[in-house]
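Please look at the sequence and the three-dimensional structure shown below, and keep both in view while reading the short report that follows.

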Amino acid sequence: MRIWAESQTYDGNKKVTVYTGTVHMVKGTLIINADRLEVVEDASGGKIGTLFSNPGKLVTYRQKRDGGPNLWAEGEADRVVYDDTLELIKLFNNAKLVLLDGKKRTHESSGIYISYDSRTDFMQVHNTLDGTSLPGAGFTNAVIYPTEDQPKADSKPAPKAGARADPAAAARPPEAH
């Protein structure tokens with residue numbers, strides 16, 4: 001993992017490092033940009049980083065996904081927590097996660113809390129900050145984009161090879177939606 005920042009402090013007794021200013025974190029294909037990063041090391045050497053944005057800005061996240069040559073996940077939120085051991089990312093407040101195939105969006109979710117496991121390509125979106133969903137606490141949002149091999153909802157399937165055209169169909173007006 002490589003981290004660039006305008007300043008940093010390290011407390012060896014508490015195993016905490018704080019990076020401030022413009023923070024740029026890179027680990028393989030993982031890239032996170034923030035205004036502040038606090039890294040806590042646990043007893044087994046695992047690291048959990050909490051990234052914060054300044055008011056009016058968002059922490060941004062981008063990472064290559066397994067399963068294809070050009071699959072990506074991109075996200076943003078007010079606060080992001082990254083668990084280095086589990087390769088789990090959690091986005092809090094104004095959270096949005098977009099799954100891409102190249103530059104084409106395949107799925108987009110937003111909510112107050114998003115958890116994304118990059119190892120299993122598993123996402124959870126909830127309407128509370130503690131990672132649960134409660135009635136009346138608000139909504140999550142999703143946009144699922146069509147794949148190129150799926151017909152559009154308003155298109156009709158092509159006639160089967162060798163099928164005769166229906167001459168009466170040409171005379172009928174189009175169906176109303």
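## A contact at T132

With which side chain does the side chain of T132 make a polar contact? The partner is the side chain of D130, at 2.7 Å, where a polar contact is a pair of N or O atoms within 3.5 Å, one of which must, within protein, be able to donate a hydrogen and the other to accept it, and where residues adjacent in sequence count only if both atoms are side-chain atoms. This is a predicted model, in which local features need pLDDT of at least 70 and side-chain atom pairs count only at pLDDT 80 or more, while totals for chains, interfaces and linings use all residues. Residues are numbered from 1 along each chain as its sequence is written, and side-chain values use heavy atoms, with hydrogens and water left out.

T132 is found in the loop between β11 (122-126) and β12 (141-144); helices (H or I, at least four residues) and strands (E, at least two) are DSSP runs, numbered from the N terminus. With a relative accessible area of 33%, T132 is partly exposed, a class that lies between buried (under 20% relative accessible area) and exposed (over 50%), computed with a 1.4 Å probe on protein chains only. Not counting residues up to four places away in sequence, T132 touches H126 and N127, contact meaning heavy atoms within 4.5 Å. Although T132 and Y113 are 19 residues apart in sequence, their C-alpha atoms are 8.6 Å apart in space.

## Two threonines in strands

T50 has its place in strand β5 (residues 47-52), and its relative accessible area of 16% makes it buried. Leaving aside its neighbours within four places in sequence, T50 is in contact with R36, L37, E38, R79, V80 and V81.

T106, by comparison, lies in strand β10 (residues 104-117) and counts as partly exposed at 26% relative accessibility. When its neighbours within four places in sequence are left aside, the residues in contact with T106 include I144 and Y145. T106 and I144 are 38 residues apart along the chain, yet their C-alpha atoms are separated by 6.2 Å.

Two strands pair if DSSP finds at least two bridges between them. Strands β4 and β5 run antiparallel and are joined by six bridges, and they form a hairpin with five residues between them, where G45 in the turn has a positive phi of about 95°. Strands β5 and β8 also run antiparallel, with five bridges joining them.

## Charged side chains

Side chains of opposite charge can pair when their charged atoms come close. The structure holds eight salt bridges, each being a side-chain nitrogen of Lys or Arg within 4 Å of a carboxyl oxygen of Asp or Glu. One of them joins the side chains of E38 and R36 (2.9 Å, N to O); E38 is partly exposed at 26% relative accessibility, and R36 is partly exposed at 32%. Another links E108 with R105, the closest N and O atoms being 2.5 Å apart, with E108 buried at 15% relative accessibility and R105 partly exposed at 35%.

In a further salt bridge, between D117 and R119, the closest N and O atoms are 3.8 Å apart. Salt bridges that share partners join K96, R105 and E108 into one network.

D83, in strand β8 (residues 79-83), is buried yet has no salt bridge, and the nearest side chain of opposite charge, K90, is 7.0 Å away; here Lys and Arg count as positive and Asp and Glu as negative, while His and the chain ends are not counted. A polar atom of the D83 side chain does lie 3.1 Å from the backbone nitrogen of L86.

## The nonpolar core

Which residues touch the most other members of the largest nonpolar core? Among its 22 residues, they are I32, Y61 and I89, a nonpolar core being a set of buried Ala, Val, Leu, Ile, Met, Phe, Trp, Tyr and Cys residues joined through side-chain atoms within 4.5 Å. The elements that give two or more residues to this core are β3 (16-27), β4 (30-41), β6 (59-64), β7 (71-77), β8, β9 (88-101) and β10. Leaving aside neighbours within four places in sequence, Y61 is in contact with several residues, including I32, I89, L97 and Y116.
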